[in-house]
Every structure is written in C-alpha cells, then in structure tokens.
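This report describes selected local features of one protein chain.

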Amino acid sequence: MNYFISAGEASGDLHASELIRELKNLDKKASFTFLGGDLMETASGRQPLIHYRDMAFMGFIDVIKHIGAVTGNLRTAKHAITSEHPDAVILVDYPSFNLRLARHAYSLGIPVFYYISPKVWAWKEGRVKQIRRYVRHMYSILPFEVDFYKQRHGYDVTYVGNPSAEEVDARIPSLPTREQFAQAHGLDSGRPILALVPGSRVSEIRNNMAVMAGVAARHPEFQAVIAGAPSIDFSLYGLLTDLPVVRDATFELMGVADVALVTSGTATLECALLGTPQVVCFRHGGSKLVYNMYKRLLKIPFVSLPNLIADTAVVPEMLMHLCTVESVDAELCRIKPGAEGREKMLEGYRLMRRRLGTDHAAHTAAAGIISSIQP
C-alpha cells in the first residue's frame, strides 16, 4: 500500500521515521511519499517531497512573512495527494498545515489518520471539529489526551504509548560518559555540564539564548554548552553568545549534563526521561501583555510535557516576562547537585514515567492504520 505522511519539524521527522519502519515491517509492499526530513528518508529509502526545514515556520508573524513558501508547500502536497491517491494519509502534529491536507484528502475519499495529536488541549480547541470530521482515527502519544477528546468532545482516540520514552530507553545504553563526550567535542572533562537547549527554531533561539547565557555566566562552576539544532545555521549562535555549541548531539548533551535549561517542547520530556533536572524556559518576546493573553487562551494548568503527564508541577516553568536571568537562576539553584529540590524533581520524573506506560507507540499505530484500510 502507498502511504502519504506529513511531518513539519524535527521531532515529527524522528517519530514518523519509526512509524515508517513499522509500516514496512507489517506491510512488505509499503511505499511512501512524505514531507519530512533525513530520518524519514533513511527509513523509507526515498527523498522527501518537501524537507521540513522549508516548512518550520512558527507563529502568525513567521507564517505571514513566509506566506509564499507556505502556500507553495501546500499546493505541492495537495497535488501529490491528488495524483498519487495514496491508500492512507498520515499526519504528524503540525496542525495549521496538516489539517488543510486532511480536508483535501477527505474530499478525495482517502482515509486520514493522525499520529501525534496537535496540542488542541492547550490552544485552538476549535480544531477538534476539523479532526472529528476529517480524521478517521487519532493515535495519541500522551495519556491525558484520551480523556480530553472523549470527555470534552465525544471523540475516541487511542493512546499507543510514548515514542520518546522508547527512544530514550533504547539510546541510554550507548550514551557516552562525560569524559567521552567532552573529548569528542573539545570540552573540559573535569567540569560539570550545564546544558542549554534553546529550541529548534530561529525565533526560539533568539528569544531564549540571552537569558540562558546570562544564567550560565552566574555559574562558573559549570561548563555551559549549547545544543545546536540540526536545521539551524550555526553562525546564528555565534551572533548571540561565545559559549561552545555541539552539533547534532542534544540527546547526548542532556544525558551527560548535571542540570539543564530547556525551552518548552519535546526536549523537556526527553530531558526528564534521561533523569537530568531542568528549568523550562520560554521567553517568546517576554511581554507581560502577551503572557496574560496566553494565560486566558490556554486551557491547561501547565505547558511542559513532564508536568502535563504527571499532572503536577514537576519542573519549574519560567514563561514570557517571568523568564528572566534572576528568576531562572533562582530555580536552577534549587536543583543543582546537592540542592534540596533535586530529589523531589527526580521523584516527579519517576511518576511521569509510570504514567507513560510501556506500549510500543509506532508499532501499535502502524498496526491500527493497516487494519483500518485493509479490504
């Protein structure tokens, strides 16, 4: 069978690549057309129709600035769906773009599936109406989403497990020691590491880097190291700070770090699964007005995945105007080695992991999709 898959950013590329492998294992005649990245290319043996680096626009302003590219990408994707008429269209998060593809595929009578739900429980809950209409079934990777969809919208979704938990568990045995990591990246093997993970988009990096670097400057006992995003031109970091940057090694960096400052997103979950205490930083311009607006729009008590999954405040969330050098530093001091808040956070991590369970997400989703479209 032929599968059309759309993933618009780095985390989607990773999770979709695992889904592709499972579809190939279960469907020996599987073929793929996709929007995504290098990992999906390796898994499928085909090049992406559009690479996610040409799709990763964040926020209304960013989309408007690149409206020509967005429109062109959408046109290209719709044309491919129309001409190839795949057996299934599989969408991975990225709702503004993917829900338009869902509507188009639905109009052609092509079954649509979602693997990894958009964060409709946080904002733009109205998108659930589109999901209910155009998506045959949703395969969720966050356990609390099942109750959200069922209780608030009468829509059944399937929790299939969390791929980040599986990926972290699989990679932990091959993690380098701090000494090995330091040697590989030209760092000082004798100093503890403070990992700075400012995000994977230019706007995130610009907004968060100054605060993170400012906090790092207060802690000479740590060696601060920046996790460089694979889709970012590394010259950007040099314009913002002179701290060392490691390329394509975010996971390893968080694994060997003693503590981390992490921009809200999938990295916060990976950091928690690795057992590295963290402070969540999300500056995004820092306006108190914007913060109050988001506070009214958001329908959830937390924004970081560790807190949402555990349903309690496991990690501190320093958001918008609250994300300052002083406030982030205060939280960092509470979770440094030897600090009293460190063990409490680690216990919260253990609660979060128990709630994630042990199901194999990509395999379960792949089996469900194939079962749904088989004659």
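Buried means under 20% relative accessible area, exposed means over 50%, and partly exposed lies in between (1.4 Å probe, protein chains only). The model is predicted, so local features need pLDDT of at least 70 and side-chain atom pairs count only at pLDDT 80 or more, while totals for chains, interfaces and linings use all residues. Residues are numbered from 1 along each chain as its sequence is written, and side-chain values use heavy atoms, with hydrogens and water left out.

**Positive phi**

Most residues other than glycine have a negative phi. Ile116 is not a glycine, yet its phi is positive, at about 85°. Ile116 sits in the loop between β5 (112-115) and α6, and it counts as buried because its relative accessible area is 9%. Helices (H or I, at least four residues) and strands (E, at least two) are DSSP runs numbered from the N terminus. Asp93, also not a glycine, has a positive phi of about 50°. Asp93 belongs to the loop between β4 (88-92) and α5, and its relative accessibility of 12% makes it buried.

**Helices α5 and α6**

Helix α5 (residues 95-107) and helix α6 (residues 127-134) have axes that come within 10 Å and cross at roughly 30°. Such axes are lines fitted to C-alpha atoms, for helices over the stretch in contact, with angles from 0 to 180 degrees between N-to-C directions. The crossing is left-handed, meaning that the near helix is turned anticlockwise from the far one by less than a right angle. On the α5 side, the contact (heavy atoms within 4.5 Å) is made by Pro95, Ser96, Leu99, Ala102, Arg103 and Tyr106. Helix α6 contributes Arg127, Gln130, Ile131, Arg133 and Tyr134. By class, there are six nonpolar, two polar and three charged residues; Ala, Val, Leu, Ile, Met, Phe, Trp, Tyr, Cys and Pro count as nonpolar, Asp, Glu, Lys and Arg as charged, and the others, Gly among them, as polar.

**Aromatic rings**

Rings of Phe, Tyr and Trp (its six-membered ring) pair if their centres lie within 6.5 Å; planes under 30 degrees apart count as stacked, over 60 as edge-to-face and the rest as tilted. Seven aromatic pairs are found in the whole structure. The pair of Phe234 and Tyr237 is edge-to-face because the ring centres are 5.3 Å apart and the planes stand at 75°. Phe234 and Tyr237 are both buried. Elsewhere, ring pairs join Phe148, Tyr149 and Tyr155 into a cluster.

A charge sits over a ring if NZ of Lys or CZ of Arg is within 6 Å of the ring centre and within 35 degrees of the ring normal. Two cases follow.

| Charged residue | Ring | Distance from ring centre |
|---|---|---|
| Arg171 | Phe251 | 4.0 Å |
| Arg247 | Phe234 | 3.7 Å |

**Helix α16 and Val211**

In helix α16 (residues 325-335), the buried residues are Ser327, Val328, Asp329, Leu332 and Ile335. Among the elements covering them are β8 (193-197), α10 (202-217) and α17 (341-356). Val211 is part of helix α10 and is buried, at a relative accessible area of 9%. Leaving out residues up to four places away in sequence, Val211 touches Arg283, Cys323, Thr324, Val325 and Val328.

**Lys78**

Lys78 lies in helix α4 (residues 67-84) and is partly exposed, with 28% relative accessibility. Not counting residues up to four places away in sequence, Lys78 touches Arg100, Leu101 and His104.
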